There are 2 protein chains.
Amino acid sequence: MSQDHTPDHTHDHSSCCGGGDHHHHGHMHHEGSEGRADLSGPAESPITVEVTRGSLVESVHRARACIVDAGGHVLARWGDIDAPVYPRSAIKSLQAIPLVESGALDAFGLGDEELALACSSHNGEARHTELVRSWAERVGLRLDDYECGAQVPYDPATAEDLVRRGAAPTAFHNNCSGKHSGFLTTAKHKGERLKGYVRYEHPVQQRILGVMEQMTGQDLFGAPWGVDGCSIPTIGIPLGAIAYAMARIADPVDLPDARSEAVTRIAAAWGRHPFLIGGTGTFDTALMEAAGGAVLVKGGAEGVGCAVIPEQGIGIALKIEDGAARAREVALAALIRTTQALSEAQWARVPHLLTTPLLNRTGTRVGEVRPATGWPAA
Amino acid sequence: MSQDHTPDHTHDHSSCCGGGDHHHHGHMHHEGSEGRADLSGPAESPITVEVTRGSLVESVHRARACIVDAGGHVLARWGDIDAPVYPRSAIKSLQAIPLVESGALDAFGLGDEELALACSSHNGEARHTELVRSWAERVGLRLDDYECGAQVPYDPATAEDLVRRGAAPTAFHNNCSGKHSGFLTTAKHKGERLKGYVRYEHPVQQRILGVMEQMTGQDLFGAPWGVDGCSIPTIGIPLGAIAYAMARIADPVDLPDARSEAVTRIAAAWGRHPFLIGGTGTFDTALMEAAGGAVLVKGGAEGVGCAVIPEQGIGIALKIEDGAARAREVALAALIRTTQALSEAQWARVPHLLTTPLLNRTGTRVGEVRPATGWPAA
C-alpha cells in the first residue's frame, strides 16, 4: 500500500525493549515465526466488518489489527501489521508525553482534566471549549496562537447553537484544541517560539518524534509522513509498533522513570475523564464509561483505533483499510471483547458499540454494522 | 458477500434481449467466456481508489464495475459483477418509468423538470423544494402523504438557514422527495391507496419491481431486498444487470414502444437538468454540466454509481465494496473517462472530479483521492 520507504522492521526475538534507547528498533516479536514466510494462514488475513441491509450484506470493510504486550510479543494479528500506517489522532496519548515530562503541566498548575483534554478528539461541547479557554488563559495563550484551524463542532447540538447565535466556530472548537493547548504549553514552558509549532522541524514536533521513536521502538528518521487535519505531522508507523507503544502505556515497567511516571499520569487522566476524550454520543466516551477505567480507547481519522488495557499490560491497534469510522468502532469493540477486560454485563449496557443499528430516515432499523463471522470468540 | 439467495444468472450467448418479456433473464453476455472459470485474470480483480496523504497511501477502496451495451455484451468488467448489489438511488431513472408510462406525468400537466426531480437525489435547496411543493399542490398531495421521512438538507447553506429560522426540515427536504412525488402521482393517477405506497407489496412498488425485472433482464422474484433510507424496497441485482438496464436507457431500440418512449423522455429530462439531479457542489451535477448532455450520471448510497452514455449506447455500473462516496465519485469519473464521451478539454474544467483534493482544516492540500495505478487508460 505504501508508495514510500517502509521503515526497517526486524524480527528480534532476543530481548525485550529496555530503557531510554531512542533509536533502537526491532522490538516486535512475532510469535511462532521467524519472518513473513511463516506468517501466512488465517490469522494473517484481514478481518472484516460487514454492513447489512435486509437480507444482504451491502458493504464490507477490511481491518488489519494486532494485540501486543509490553514485552513486544504479538499475541494476535490480522493482516499486515508491518506496513506503515498514519496513527492520526489515535496516539494523542503519546503526543501528550512531553507536556508532562517537560514539567510544563505542573509548572502552569494544570491537572488531570487538561491532560485528558490533551489526549482527546473532543466534540467541541461547552465543557470542552470552556476548559480549553481557561487553559489558554492560565498559560497566557491567545486564540491566534492556535494553528489547528477552526472547525464546526462535531456535536450537532453545539454546532446548531453556534448557527443560531450567528457565531463562527473557532480553533477552540477544533476537536484537537486540547492537544494543541498541550503543544503550546510545552513550547511556552521551554521558551520556544510559538509560531510554527505545527511544523515538522519545530522543536515541539521533533520532541514528539523522539518520544514516538522510543515508545514504538522504531527508527522514524526518514519515515513517510503527511500533514494531519490539524496541520501537525502524522508519521507512518507499523501497526504492530503502534500497538506496542500502547502496551507500554499499559505496562510502563521497562520505561525510564520519568517517562514511566508521565505515561502513568496520562493513562490515569485518560481513564478518569471519558467525557473529555470525546463527548456526547461518541464511541470512545461510551466504551470507557462502560469499562469503568478497565480500558482506555482512542479513535483516529481514516479508521485507526488504539486501546490500552492496563490490568493485562496489553495494547491494541487497528486500521480499517478504507478508513471508515463505522467499521473502526465495531472492530475495536470486538477486539476489546476478546480480551475479557469488560464483563458481558458491562457489554450488555452498550450493545450498540458491538453491533451498530442502521436506521432509515423514519427511524426504522433496516440493517446493522457488525463484525463478520470468523472473528475470535469473546 | 451475499448471505442470501443469489438470483440465477446464466450466460446466454444466443440472442439479444427482445420486446416486452418481463420474466426472461440471462441477457448478459460475457465476452470471450462461457462462464466464471474463464473470467479470471487481471480484468476480474477489483479496481482500487487510493487516498493519499503526504508520502503514503493512507486508505484504499475496492470497486467492482462494468461497462455493458444494450445488446447485453459486457465490454469491460472489474471484479464480481454477478453478486447482487442494492442499487439504491443510482437507478431512480428506472423507478421513474411508471410515472411516464402510466400517463400520470402528462395527465397532471407535469413536465421535464418534475421528471428530472423524480430521478434526483437533491440537495434540498430552495429550487428543489419549491418544485416539490408546486408539484404536490398540482397533484393534490399533502406533506403528510410523503412517507420518506424528514431530512436535514444535504446543502450546508440551506441546512444552516433552516436552523437560523428555527424551522424543522420536512419530507420535502428529503433528497428523495422528487422520487416520492413520482410514486404518489402514479398512485393517485391510477386510483390506488396512497397510504403504504413505500411497502414492498403496494402496487407502486410491485409495478417498479416489474419494470426492474424487464429492464435488467433478471427474475427478481425472491431476490434479496432491504429497506432503503427513504423506506422503499431496494432490490439486490447483479451489477452487470444494473449496467445493462442503463445501456437500455442509452439505446432503447429493443424495448417495447411505450417503454422506449418513456426512457427516452427520462434520459432527456435527466440530461437537461443537471442542477435538479443533485445541486450545488454535487458530483452528479458538476459532471453532467461539464458533459453537456453527453453523459447521464447518478450516484447512490453505499458507493453505488451508474452512468448512461446515449451516443455510445452503453451503461456503466459500479459498487465500492465498502460503500464510500468519495471513492464512488472518482471511480465513476475514471470509468467514464475511458469511454471518451467527454473531451480532455471538458475534463480539464472539472479536474477535481477525476482527483479530489483533500484539504485540512486550514485549507491546505494534504492529499488526494484518486484512481490507483492499473486502471484502463483514458
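A salt bridge is a side-chain nitrogen of Lys or Arg within 4 Å of a carboxyl oxygen of Asp or Glu. With that in mind, welcome to a few close-up views of this predicted model.

**View 1. Salt bridges link chain A and chain B.** Four salt bridges are counted between the two chains. One of them joins B:Glu58 to A:Arg88, with 3.0 Å between the closest N and O atoms. Polar contacts also cross here: 32 residue pairs are in polar contact between chain A and chain B.

View 2. Contact involves 51 residues of chain A and 51 residues of chain B.

**View 3. Strand 3 of chain A supplies the largest share of the side that touches chain B.** Seven residues of that side come from strand 3. Other elements of chain A that each supply at least two residues include helix 6 (156-165) and strand 13 (365-371). By class, this side of chain A has 15 nonpolar, 19 polar and 17 charged residues.

**View 4. Cysteines without a disulfide.** The structure holds zero disulfides over all chains. For A:Cys66, the nearest cysteine sulfur belongs to A:Cys306, 9.1 Å away. A:Cys66 counts as buried because its relative accessibility is 0%. In chain B, the sulfur of B:Cys148 lies 6.7 Å from the closest cysteine sulfur, that of B:Cys230, which is too far for a bond. B:Cys148 is buried too, with a relative accessible area of 0%.

Notes: Residues are numbered from 1 along each chain as its sequence is written. Chains are lettered from A and ligands numbered from 1 in the order in which they are written. This is a predicted model: local features need pLDDT of at least 70, side-chain atom pairs count only at pLDDT 80 or more; totals for chains, interfaces and linings use all residues. Side-chain values use heavy atoms; hydrogens and water are left out. A disulfide is a pair of cysteine sulfur atoms within 2.5 Å. Buried means under 20% relative accessible area, exposed over 50%, partly exposed in between (1.4 Å probe, protein chains only). Contact means heavy atoms within 4.5 Å. A polar contact is a pair of N or O atoms within 3.5 Å; within protein, one must be able to donate a hydrogen and the other to accept it, and residues adjacent in sequence count only if both atoms are side-chain atoms. Helices (H or I, at least four residues) and strands (E, at least two) are DSSP runs, numbered from the N terminus. Ala, Val, Leu, Ile, Met, Phe, Trp, Tyr, Cys and Pro count as nonpolar, Asp, Glu, Lys and Arg as charged, and the others, Gly among them, as polar.
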